[in-house]
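Subject: Structure handover

Hello,

Here is the structure for your work. My notes on it come after the sequence and coordinates.

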Amino acid sequence: MSSYKLVCLGNPLLDLQANVDKEYLAKYDLKDNDAILADPKHMPIYEELIKRDDLVLVAGGAAQNTARGAQYILPPKSVVYFGSVGKDVYAERLNQANEEYGLATRYQVQEDIATGKCAALIYDHHRSLVTDLAAANHFKPDHLQKPENWAIVEQASHYYIGGFHLTVSPEAIKLLGKHASETNKPLALNFSAPFIAQFFKQQLDEVLPYVDYVIANESEAAAYAEAHDLKTEDVVEIAKAVAKLPKDNKQRPRTVIFTQGLEPTVTVTYDADKDSYDVNQYPVKELAKEKVVDTNGAGDAFAAGFIASLVEGKSLPDAVDVGQWAAALSIQQVGPSFPFPKQTYTK
């Protein structure tokens, strides 16, 4: 068995992507650049999208996007992804998309629950995501603990978790977290959406002690600050607060990475021994507006470049640079995807 260096865990979804107008968003009380779980009132969206001629189907799910992007950058057979899907045509589409990138999957397959779907509604370069988790919501930690799967976990050198999985199985995240901590291997967690810090605060707080790298965007950082009553909107101050939280593995400092769209990417590393912070800001190279096709998945692409660089042993500044490069590459494509023939990062 080849040993995969990076293990990713998340909620596999098929993205149903379409361009909509402001009225369509208003009809379903949706906001630009938001990500929510579908209420019963949102369910007609999927039926409406399926009937559209301009519908684009894209293999999605934030952590799966990141896993695919990391595999795009790393040598073959470097990345494996865990999640839960149904036994249906949607799961087949996911497998096809992943195979194109060479991404290995170890899905838990639900016999009688459909694969999860995400409506990716694009309005003027903004995206609003509405997710029906379905099968993704039924991932169980015992799938990771199967001997053939746990062997993969043990042989990996890095772990990446999408924050959306906190709504599904915090136990599975803790399982990976404890292993990472005990073996001194880095684990990265993406906050993924503002609602995670707001409505899954306890679950987030319980897994953060195992997290070496926290990745989030500015709106997720703001939601965290509000939920934890930090009384600041300053991204550096929020990053410092997260970096300093208690940590299980004392051998590694925690680094917090906050992206801010076209504003500089902020990193804060906390040294517990010296009680000091290393704060850096990395400007983003702006892309000509006519080159921007679709920002859906830009954050996942950044995370892909970043985590792939850690796997390769690159420095933090280089990892941020590769992350920004990967995000710029992805937003020139439709959906959370990358161009073929493959492009490679050059400094």
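Predicted model: local features only at pLDDT ≥ 70, side-chain atom pairs only at ≥ 80, totals over all residues.

Annotated domain and active site

An unreviewed UniProt entry carries the annotation "domain: Carbohydrate kinase PfkB" for residues 23-342. In the model that span is 39% helix and 23% strand, and its end C-alpha atoms are 38 Å apart.

UniProt, again in an unreviewed entry, lists Asp-300 under "active site". Asp-300 sits in helix 12, which runs over residues 298-311. Its relative accessibility is 15%, and Asp-300 therefore counts as buried, the cut-off being under 20%. Leaving aside residues up to four places away in sequence, Asp-300 touches Ala-62, Asn-65 and Thr-66. With Asn-65 there is a polar contact between the two side chains, at 2.8 Å.

Strand 8

Strand 8 covers residues 126-132, and six of its seven residues are buried, so the strand is largely enclosed by the rest of the structure. Which strands pair with strand 8, and in what sense? Strand 3 (residues 35-37) pairs with strand 8 in the parallel sense, over three bridges. Strand 7 (residues 116-123) pairs with strand 8 in the antiparallel sense, over seven bridges.

Helix 11 spans residues 235-243, and its buried residues are Val-235, Val-236, Ile-238, Ala-239, Val-242 and Ala-243. These cover an arc of only 160 degrees around the axis, which puts them on the same side of helix 11. Their packing partners are strand 11 (213-217), helix 10 (218-227), strand 12 (254-260), strand 13 (263-271) and strand 14 (276-282). At the start of helix 11, the backbone nitrogen of Val-236 has a side-chain oxygen of Asp-234 within 2.9 Å.

In helix 6 (residues 147-155), Asn-149, Ile-152 and Val-153 are buried. Their arc around the axis is only 100 degrees, so they lie on the same side of helix 6.

Cysteines

How many disulfides does the structure hold? The count is zero. Cys-8 is in no disulfide, and the nearest cysteine sulfur to it, that of Cys-118, is 18 Å away. Seen from Cys-118, the closest cysteine sulfur is in Cys-8, and 18 Å is too far for a bond; the cut-off for a disulfide is a sulfur pair within 2.5 Å. Cys-8 has a relative accessibility of 0% and so counts as buried. Cys-118 is buried as well, with a relative accessible area of 4%.

Regards

How values were computed
Residues numbered from 1 in each chain as written. Heavy atoms only, no water. Buried < 20%, exposed > 50% of the residue type's maximum accessible area, 1.4 Å probe, protein only. Helix = DSSP H or I, 4+ residues; strand = E, 2+ residues; numbered from the N terminus. Pairing = 2+ DSSP bridges. UniProt positions renumbered as here; feature names shortened; annotations may be inferred. Arc of directions from axis to C-beta. Contact = heavy atoms within 4.5 Å. Polar contact = N/O pair within 3.5 Å; in protein donor to acceptor, adjacent residues only side chain to side chain.
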